[in-house]
Amino acid sequence: MQSLIELLFPAQCAACRRLGSGLCSSCVPSAPPLVARLPSLQVRALGAYDGALRAAVLALKDGRRDVAQALAGRLAALVATDALVVPVPTSALRRRMRGFDGVVLLARLAAHAAGAQTIETLMLVAGDAQRGRLRRERLAGVGRFRCVSSCLAGAHLVLLDDVCTTGSTLEDCALALRSCGASVSEAVTVALTQRGGPGAQRVVS
Ligand SMILES: [Zn+2]
């Protein structure tokens, strides 16, 4: 059945539309990771949020599993084998609309490829109310996430998200995890936007 589907609807690169795979070998990110330093986290990303990577992130949001698989293969290189990877949750409204949480899928695939584990312990408590809030409140991001594990004392966690823009979401997630005793100092994302930090830099890994 799978091969019939593939025959009728061959995979197409999300960025350049070439037939064959979710992200072709020319479009899959291959440069060393970008690094941004947030107040309490170091973020590593596959690249800047533009061009092929932007197209890939949008395809991931639309539920392209083949694109998730291609990105996860690259993200796995940024995840240690003993890591506990925590996906940043998508709002319930967005998930309902799309019937899919691309970041959770990405985290599971990347952790699996790295030989690591995921722990889906964050819940978005105010995501659907975000639209009515003032921009400065949204950017402050205070109290948007809750950790649902009662005790994470001693756990070293790595956050995973699709895009890092201001970093406020990642910082807020880290705060919620630390309130349950976890230690969090790292995040990995698919892309960093221009605003992903004045501290953003490309480093040789
Ligand atoms: Zn391509």
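**Group meeting: the zinc site and its neighbours**

Hi everyone, let me start with the disulfides: the count comes to 0, a disulfide being a pair of cysteine sulfur atoms within 2.5 Å.

A quick note on what we're looking at. This is a predicted model, where local features need pLDDT of at least 70, side-chain atom pairs count only at pLDDT 80 or more, and totals for chains, interfaces and linings use all residues. Residues are numbered from 1 along each chain as its sequence is written, and side-chain values use heavy atoms, with hydrogens and water left out.

Now, which residues hold the zinc ion? Its protein donors are the SG atoms of Cys13, Cys16, Cys24 and Cys27, at 2.3 to 2.4 Å. Donors here are N, O and S atoms within 2.8 Å of the metal (3.2 Å for Na, K and Ca); water is not among the atoms, so sites may look incomplete. Along the chain, the zinc donors are spaced C-x2-C-x7-C-x2-C.

Why is the arrangement called tetrahedral? Because the 4 donor atoms subtend angles of 104 to 117° around the zinc ion, and four donors count as tetrahedral if all angles lie between 85 and 135 degrees.

On accessibility, buried means under 20% relative accessible area, exposed over 50%, and partly exposed in between (1.4 Å probe, protein chains only). Cys24 is buried at 6%, while Cys16 is partly exposed at 34%. Another cysteine, Cys173, is buried at 0%.

Finally, please look at Arg17. Its phi is positive, near 70°, in a residue other than glycine. Most residues other than glycine have a negative phi. Arg17 is also exposed, with 51% relative accessibility. Thanks, everyone!

Methods: Four donors count as tetrahedral if all angles lie between 85 and 135 degrees; four count as square planar and six as octahedral if opposite donors are over 155 degrees apart and all others between 65 and 115; anything else is irregular.
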